[in-house]
Amino acid sequence: MFFAVHCRTCCGTSVREAVHRFIMALYTCMEAAMKVLSQKGGSEGQKVVAIVQEMMEGRRVPRCVETTNVHPVIILEGLDGTGKTTVIEGLQRELGDVNCLSSPPECLRSFRQHFDGQVSHIRRAFYLLGNYACALSLRKHSEKPVVIDRFWPSSIAYALALDHQVVPNDMPEELKGALQMPLDLQDLMPGPVVWLLLHLPEAQRVRRVRHRAADGSGMTPEEVKLEDQKLPTNLMDIYRVLKIGDDRLVEIDASGSTEEVLRRVQEVVISKCEQWRQLTPVSVPISVNWHFTRQCNYHCEFCFHTAKTSFCLPSTKDGLEESKRCLARLRDAGMQKINFSGGEPFLHAKALGTLVRFCKEELRLESVSIVSNGSHITAKWMEEFGYFLDILAISCDSFHEATNVLIGRGRGEHVKQLESIRQWCDDFEVLFKINSVITKHNVNEDMSAHIERLKPIRWKVFQCLPIKGENVGDVERNVEPLLIPPEAFQGFIDRHRRCSSVKQVLVAENNVTMKDSYLILDEYLRFLNCTSGAKVPGPSIRDVAVVSALRTAGFDENMFQQRLGEYEWSKDKVLQKERRTKQAKRTGLMVLSLALCGAALALVAKHRRCFS
């Protein structure tokens, strides 16, 4: 038996606890279902996994703000005999052109007979993966309403009731997570989605099934199982406690005439669609900044992301794998660039390197970048992980060490370390960037010569930003004595733009431009909303769908574009362009050289003729 392999005990761990862990592992994400089918499902299982992986690869998230003018996805759940087919036919009449889907979708339907004959965990893994395939197919059907005949709620309800004999009222605490729809599946669902559960009194449902069977169609295997008097009750009890984010299935009384049932369904659909239209539209998270630690070895007086906690998810037990899963979900939601920041990210150098490599090698993001104070960066780290890093941004607010010390940035060797990092970036082909925060301590400094010499691909210059609860108010830091007026900041920018080579790389951000134009995740993977002048965390993507978390982020997509938040951030493309430019210059020089040689030879020949 499969459970015998997975339930071996050690250190007194009980078989029951091992079974519970297995159940939770199987039902919590797409990766888990794929793993079961790949390892235990034979060649057919591997074929199914390959099909779904190809669907994931082909998925393209539209790069636009979510629109409210979309058609609903209506998911019908319920036991056999509750009238799902009748409701679907009625919705087709009422709504006109409707896409009718089922899970697993058409691309996996030929595998059903094979997996229906497999042991329970392989069969359930197939049907769970079928839910993901069905969700992935929804975008190509978005031009009209979609009705799905059974989805994840039925997959999990039948798995828990039939395979594991789970009773909701007596369910172990460690299994209750299985009642929550997997977050990576929620991420794939477009909105609005209406979850309906058709219900009939059991005696009436049984009469319908038996009447239909008496007409010659017979009873399906599922209908035979439902003859067990306890099973229908248990299934309905499980349906009722399932959660899809903050939603639950809306129970619809399926008794009465078809018109009456359709009216109840339509009322719920209209209500849910209206609620969805009231939600804040969200943008695709093209560029995300994860401040995965607040800890820092510097003490910059203006810091607006201070060490309030010591929590660092990638450094906790199992936290690195959870971090990878969340980053993968962000990628699937449309993220193309991830920036790791802090605090000081290199205080967790090993975990940072692992995540950088994962994002580039496995997620294949367009750009992976880091913002650091540079103090803990080493040539060894760059040698090991620089290949996977597109951009390394170093914070440097002054090229006078006394000013850096006054600000709180190091103890007098900051610029020296910056020079070393610049060389390492050349050595390991990492794009080099500089970030500077302008305060009263450096607003009159001229950094042009240093920027010209260091040649960053970007020099981000920020006006010192006050954030309540971080550097303003009843907190350790007080930024107010360092603040400068907008005209002083603009004077600093104008002065440096007089140098043409500096002007090409300088990107200025005043307080208005900066405040709401970044998607910032804190150490708990919560988007921080700065619209009120403070950093207000929303729900964590560890707990909710990415789109739900984005609704609370307060992100200003237009300001993001205005501040040139999207640029050529892939080092492969930048370096390739530089190589082409150098090659063109070399070719031009060769052509010029050949032309000069030709001219010289012609002149020599002319003089020879003159003296001959």
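The structure is a predicted model. Its 612 residues have a buried fraction of 52%, and the secondary structure consists of 25 helices and 15 strands. Along the principal axes, the C-alpha atoms occupy a box of roughly 115 × 80 × 55 Å.

The accessible surface amounts to about 29300 Å², and carbon and sulfur atoms contribute 52% of it. Charged side chains number 80 positive and 75 negative, with 5 Å between the centres of the two sets.

Across the whole structure, 13 aromatic pairs are found. One of them joins Phe126 and Tyr127: the ring centres are 5.1 Å apart and the planes meet at 75°, so the arrangement is edge-to-face. Phe126 is buried, because its relative accessibility is 0%. Tyr127, at 13%, is likewise classed as buried. Ring pairs also bring in Phe115, which forms a cluster with Phe126 and Tyr127.

Tyr387 and Phe388 provide another edge-to-face pair, with 5.2 Å from centre to centre and 90° between the planes.

The charged end of Arg458 sits over the ring of Tyr567, at 3.7 Å from the ring centre. Arg563 is placed over the face of Tyr518, and the distance to that ring centre is 3.6 Å.

Note on methods: Residues are numbered from 1 along each chain as its sequence is written. This is a predicted model: local features need pLDDT of at least 70, side-chain atom pairs count only at pLDDT 80 or more; totals for chains, interfaces and linings use all residues. Side-chain values use heavy atoms; hydrogens and water are left out. Helices (H or I, at least four residues) and strands (E, at least two) are DSSP runs, numbered from the N terminus. Buried means under 20% relative accessible area, exposed over 50%, partly exposed in between (1.4 Å probe, protein chains only). Accessible areas come from the Shrake-Rupley method with a 1.4 Å probe; for residues, only the protein chains shown count as cover. Lys and Arg count as positive and Asp and Glu as negative; His and the chain ends are not counted. The place of a charge is taken as NZ of Lys, CZ of Arg, CG of Asp or CD of Glu. Rings of Phe, Tyr and Trp (its six-membered ring) pair if their centres lie within 6.5 Å; planes under 30 degrees apart count as stacked, over 60 as edge-to-face and the rest as tilted. A charge sits over a ring if NZ of Lys or CZ of Arg is within 6 Å of the ring centre and within 35 degrees of the ring normal.
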